[in-house]
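Here are a few friendly notes to read alongside the model.

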Amino acid sequence: MSRPRQSEPQGQVMPTAAEESAALRDDWMHGGHLVLAADPDPSDHAAIHAWILDVIEGGGDPDHDGIRDLIYHSLNFDIPFQATERVRQSLIATVRARLQAPASRQGR
């Protein structure tokens, strides 16, 4: 029998990666529109939304963990929404850059 890690409360098990992805996907589906609504340019919000869902499901971005952190923190509504503004801006700018990268390579 394995012992729980010291950081885990006695009797609790850390969620699996699939469980964490499902929870993050659910959070994005319920709160992502609030994150995107704070952005003044809605023209690409559908593409951003779809790309974020792909990353949550394990899409092959090299900075997968960093982007998931941005998604998670942008959805942290336990702190004032204004306090996460930089995180939301960073998330949206990162996704826009990733969305444009394949288009710029195809245009060469």
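1. Let me begin with Q82, which is exposed, at a relative accessible area of 66%; the cut-off for calling a residue exposed is over 50%. Please keep in mind throughout that this is a predicted model.

2. Where does Q82 lie? Its place is the loop between α3 and α4, the latter spanning 85–106. The C-alpha atom of Q82 is 9.8 Å from that of A38, although 44 residues separate the two along the chain.

3. Now to helix α3, residues 64–74, where the buried residues are H64, I67, R68, L70, I71 and S74. Because these residues cover an arc of only 155° around the axis, they sit on the same side of α3. An α-helix has 3.6 residues a turn, so residues three or four places apart point the same way.

4. How are α1 and α2 packed? Helix α1 covers residues 17–37 and helix α2 residues 45–56; their axes are 10 Å apart and meet at an angle of about 165°. That angle makes α1 roughly antiparallel to α2, since angles over 145 degrees count as such. The crossing of the two helices is right-handed.

5. Which residues make this contact? From α1 come S21, L24, R25, W28, M29 and L36, and from α2 come H45, I48, H49, I52, L53 and I56. By class, the residues in the contact of α1 with α2 are eight nonpolar, three polar and one charged.

Conventions: Residues numbered from 1 in each chain as written. Predicted model: local features only at pLDDT ≥ 70, side-chain atom pairs only at ≥ 80, totals over all residues. Heavy atoms only, no water. Axes fitted to C-alpha atoms, helices over the stretch in contact; angles between N-to-C directions. Helix = DSSP H or I, 4+ residues; strand = E, 2+ residues; numbered from the N terminus. Parallel < 35°, antiparallel > 145°, perpendicular 65-115°, else oblique. Left-handed = near helix turned anticlockwise from the far one by under 90°. Contact = heavy atoms within 4.5 Å. Nonpolar A, V, L, I, M, F, W, Y, C, P; charged D, E, K, R; others polar. Buried < 20%, exposed > 50% of the residue type's maximum accessible area, 1.4 Å probe, protein only. Arc of directions from axis to C-beta.
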